[in-house]
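Hi,

Here is the model I promised to pass on. Have a look, and then read on for what turned up.

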Amino acid sequence: MARRALTTTAAAFATAAALLLTACGGSDDASSDDIKGAGDASSSPSASASASGDVDRPDVSVPNDLDLVFDFEKPSDQDSAAALDDAANYIRALSHGITQQDPEDPAFQFYSSGQASQYAHSQIKEYVDGGWTLTGKDRYYRAETSKGDASEKVKTVSVTFCEDQSKVFGKEVKTEKIHRTKESLASYQKFTLLMASVKGNPVWRAQQVTVEGKAEACRG
């Protein structure tokens with residue numbers, strides 16, 4: 001996620017940047033034991049609405065001074081398209097938590113579980129503890145999807161995309177001072193999300209997230 005490392009000292013900046021750019025993840029395998037609500041579809045908050053596809057989703061809006069841009073081409077496959085949409089919602093939820101200054105924000109908890117939820121919590125908390133929020137334009141692009149094996153209960157899709165964070169900056173919450181940085185290779189990252197959905201439930205949730213920093217393939 002963009003500029004989740006800005007602090008008031010260079011040393012603190014480097015430490016937080018390492019947290020952001022370190023790849024987080026593990027096995028690409030997902031079972032019903034790993035996925036929230038997989039054991040019983042009725043345990044999901046959206047299960048009651050799953051038949052019609054209508055879901056009471058949380059607010060993922062951000063302030064007007066933060067522009068989240070998703071230049072994604074919609075896949076023709078229905079599951080891949082839905083997984084990509086909710087991967088974008090996971091990213092929106094991260095930014096929502098940061099701008100709301102709430103490490104326990106329900107939005108990211110709705111769109112993730114397991115390691116991906118832990119990652120979101122740690123990133124939001126890093127910003128809150130440092131007294132920072134986000135401003136500017138954060139762009140995501142070059143999305144690709146790959147369907148995984150489906151069990152009787154769970155479907156999975158791997159989603160990858162690039163981020164250009166050269167125009168999004170850290171802003172001090174108290175003073176509203178914006179700390180601008182120049183475009184560099186460090187402005188580009190590549191995300192890989194393992195998305196999963198309990199069959200009969202239209203919501204796809206991130207289970208695992210890996211972030212590759214200084215992603216040369218995403219530049220240009």
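Predicted model: local features only at pLDDT ≥ 70, side-chain atom pairs only at ≥ 80, totals over all residues.

Residues are numbered from 1 along each chain as its sequence is written, and side-chain values use heavy atoms, with hydrogens and water left out.

Start with H2, which covers residues 78-100 (helices are DSSP runs of H or I with at least four residues, strands are runs of E with at least two, both numbered from the N terminus). From first C-alpha to last, H2 reaches 32 Å, close to the 33 Å expected at 1.5 Å a residue (that is, 1.5 Å times one less than the number of residues). Of its 23 residues, 18 are buried, so H2 is largely enclosed by the rest of the structure. Buried here is under 20% relative accessible area, with a 1.4 Å probe and protein chains only. At the start of the helix, a side-chain oxygen of Asp77 comes to within 3.2 Å of the backbone nitrogen of Asp79. After H2 comes Gln101, with a positive phi near 55°.

Now the strands. Gly136 sits in S2 (residues 132-147) and counts as buried at 19% relative accessibility. Its C-alpha is 9.2 Å from that of Ser166, 30 residues away along the chain. Leaving aside neighbours within four places in sequence, Gly136 is in contact (heavy atoms within 4.5 Å) with Asp65, Leu66, Asp67, Lys167 and Val168.

Thr160 is in S3 (residues 154-172) and is buried too, at 15%.

Cheers

Terms used
Buried < 20%, exposed > 50% of the residue type's maximum accessible area, 1.4 Å probe, protein only. Polar contact = N/O pair within 3.5 Å; in protein donor to acceptor, adjacent residues only side chain to side chain.
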